[in-house]
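Morning, everyone. Please have the model open.

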Amino acid sequence: MPLDPRGPRFAAAVTSVVMVVVLVTGWGWLALAQAVVFAISAVDPRRGPYALLFRAVLAPRLSRPTELEPVAPLRFTQLVGLGFLLVCAGGYLAGATTLGLVMACLALAAAFLNAAFGLCLGCEVYLAFRRLTGRAMPARVPNPAP
């Protein structure tokens, strides 16, 4: 079942704020908590903490989306984010601050691009891989009328 694209953008905005806090404070445990959020969202993007918050607080106040996004690219993106955040947290917690800092900056850049511009880097990588392997799929599908 496709997703409202505003949900992942909201999640990316929250992730951006979390990553700024990680960068300012160097809290490896916060990076690890964000990794857990990515792990939950990779299993089912609709059940991630930020998706639940979006559906409970923001979605009821918004009109229906005109387009929906497929779930598979978002799952891939969450797995990539999980990898980055595990390395980030490991770097900070093991005393390899530079590694943690670099990975946090990369995660922040990706999350910010999605939140501000709707550019999901992980989704684009996923779709490019699908095209290269001959299994292309549409990036968005029209939202059927209620």
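Start with Tyr126. Tyr126 is buried, at 14% relative accessible area; buried means under 20%, exposed over 50%, partly exposed in between, with a 1.4 Å probe and protein chains only.

A word on the source. This is a predicted model: local features need pLDDT of at least 70, side-chain atom pairs count only at pLDDT 80 or more, and totals for chains, interfaces and linings use all residues. Residues are numbered from 1 along each chain as its sequence is written, and side-chain values use heavy atoms, leaving out hydrogens and water.

Now the rings. How many aromatic pairs does the structure hold? Three. Rings of Phe, Tyr and Trp (its six-membered ring) pair if their centres lie within 6.5 Å; planes under 30 degrees apart are stacked, over 60 edge-to-face, the rest tilted.

Phe76 and Tyr126 make a tilted pair, 5.8 Å centre to centre, with 45° between the planes. This pair links distant parts of the chain, 50 residues apart: Phe76 sits in helix α4 (residues 71-94), Tyr126 in helix α6 (residues 121-132). Helices here are DSSP runs (H or I, at least four residues), numbered from the N terminus. Phe76 is partly exposed, at 30% relative accessibility.

Next, Phe112 and Phe117. Their pair is edge-to-face: 6.1 Å between centres, 90° between planes. Phe112 is partly exposed at 45%. Phe117 is exposed at 59%.

Last, Val57. Val57 lies in helix α3 (residues 49-58). Val57 is partly exposed, with 39% relative accessible area.

That's my tour. Questions, please.

Key:
Helix = DSSP H or I, 4+ residues; strand = E, 2+ residues; numbered from the N terminus.
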